[in-house]
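Here is a short report on how one protein chain packs. Please read it beside the model.

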Amino acid sequence: MTQIVTLFRPVGAEELKLIEDSGWKAFPPRLPEQPIFYPVTNEGYAAQIARDWNTKHGSMQGFVTKFEVEAEYAAKFDRKIVGGREHEELWVPAEELEEFNRRILGKIEVTQSFKASDSV
């Protein structure tokens, strides 16, 4: 049986619209100044970013997305701790994102949403 890993990605409304436009199957390409796509390994960290960062920029909304990939495939990317232990990210080079999207199992789901008045 294939092992899977559940990952999370905090996004703003603009990125969420692009995910929806893909049929909930892919994350949009990175911008030139964004060399890394970084899904996170736990929902609490994703919610923290969506609530405390995304709600202060752009549409002033933040969303937590959840998706699954095969654990063996995900293991090829570096995991980085960028704060406390709970702040773990998977670092996927931007040039790998198209292949990464093909490896998403099922659909990307929204699990939480925040607006500017929710931020701390």
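The report covers the cores, then a helix, then a loop residue.

This is a predicted model: local features need pLDDT of at least 70, side-chain atom pairs count only at pLDDT 80 or more, and totals for chains, interfaces and linings use all residues. Residues are numbered from 1 along each chain as its sequence is written, and side-chain values use heavy atoms, without hydrogens and water.

**Cores.** A nonpolar core is a set of buried Ala, Val, Leu, Ile, Met, Phe, Trp, Tyr and Cys residues joined through side-chain atoms within 4.5 Å. Buried means under 20% relative accessible area, exposed over 50%, and partly exposed in between (1.4 Å probe, protein chains only). The largest core has 19 residues, and Leu7, Phe27, Phe67, Val69 and Phe100 touch the most other members. Another core, of nine residues, lies apart from it; Phe8, Val40, Ile49 and Val64 are among them.

**Helix 1.** Helices (H or I, at least four residues) and strands (E, at least two) are DSSP runs, numbered from the N terminus. Glu15, Leu16 and Ile19 are the buried residues of helix 1. They span an arc of only 100 degrees around the axis (directions from the helix axis to the C-beta atoms), which puts them on the same side of helix 1. Their cover includes the strands tabulated here.

| Covering element | Residues |
|---|---|
| strand 1 | 4-11 |
| strand 3 | 61-70 |
| strand 6 | 104-115 |

Gly23 follows helix 1, with a positive phi near 80 degrees.

**Glu86.** Glu86 sits in the loop between strand 4 and strand 5. Its relative accessibility is 44%, so Glu86 counts as partly exposed. Leaving out residues up to four places away in sequence, Glu86 touches Asn42 and Tyr45 (contact means heavy atoms within 4.5 Å).
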